[in-house]
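Open the model in a viewer and have selection by residue number ready. The stops below go from aromatic pairs to one helix.

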Amino acid sequence: MSRDLFVREMRHIGVDVSRETRDQLEGLVNTLVRWQKAINLVGNATMDSIWIRHVLDSAQLKLLIPPSAKTLTDLGSGAGFPGLVVAAMRPDLDVTLIEADARKAAFLGEAGRRMGLEKQPKIVVGRIETVPPAKADVVTARALAPLGQLLKWAEPHRTDTAICLFHKGKDWKAELAEAMKGWDIPGKPFTSVTDLDAVILRIGPYGLRDRQSKGRGRKNHDGD
């Protein structure tokens, strides 16, 4: 029933999920359920609502990713949310998953294989700030760190015209205000379909405020 509810909710926001994609996402969920017994991938309290709390919450990003995007990097991928879900929803993307925990990275590899994804994501094991720059068109992160820290981590992993899509909870306005003290952040919040108090922050090309005179910052980009 949870899978059916997920499909209905996606249709409600204008996205039809194919049977193939549904089966791939089910492969992710089934793999997670097995691995959860050995390592803590998601909160145990959310296990009964995986399809909504985690899969739907990740899948909604499909509406915010530019059709022209070719590469996506997910920071701190953990249980594959949103990285593996986006890989299923947008099979045309070359997806890179960065994860410092070797056990979680092993899970990501196994889940990707079980899902039968057309393009298997590249899994990079290491700390976000020390691995080679990914230079992606889209950078994502979910439940990872305060916004200011995310911007710092994402900077080397994005192209000059990249967008960032960050899941943020009810305190997102305070996080944004704090981050704007040091960063020029062109962006827009989109209310989450799974939590009316949460948002997806869609951030266009950004830069440190003291770099604006050197040409970084907004320029002529609007985040698309």
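**Aromatic pairs and a helix**

A search of the whole structure finds three aromatic pairs, where rings of Phe, Tyr and Trp (its six-membered ring) pair if their centres lie within 6.5 Å, with planes under 30 degrees apart called stacked, over 60 edge-to-face and the rest tilted. This is a predicted model, in which local features need pLDDT of at least 70 and side-chain atom pairs count only at pLDDT 80 or more, while totals for chains, interfaces and linings use all residues. Residues are numbered from 1 along each chain as its sequence is written, and side-chain values use heavy atoms, leaving out hydrogens and water.

Select F6 and W51. Their ring centres are 5.4 Å apart with the planes at 45°, so the pair is tilted. F6 belongs to helix α1 (residues 2-12) and W51 to helix α3 (residues 50-59), so the pair ties together parts 45 residues apart in sequence. Helices (H or I, at least four residues) and strands (E, at least two) are DSSP runs, numbered from the N terminus.

Next, select W183 and Y206, an edge-to-face pair with 5.4 Å centre to centre and 70° between the planes. W183 is in strand β6 (residues 183-184) and Y206 in the loop between β8 (199-203) and β9 (207-208), 23 residues apart. W183 is buried at 9% relative accessible area, and Y206 is buried at 1%.

Finish on α3: eight of its 10 residues are buried, so α3 is largely enclosed by the rest of the structure.

Methods:
Buried < 20%, exposed > 50% of the residue type's maximum accessible area, 1.4 Å probe, protein only.
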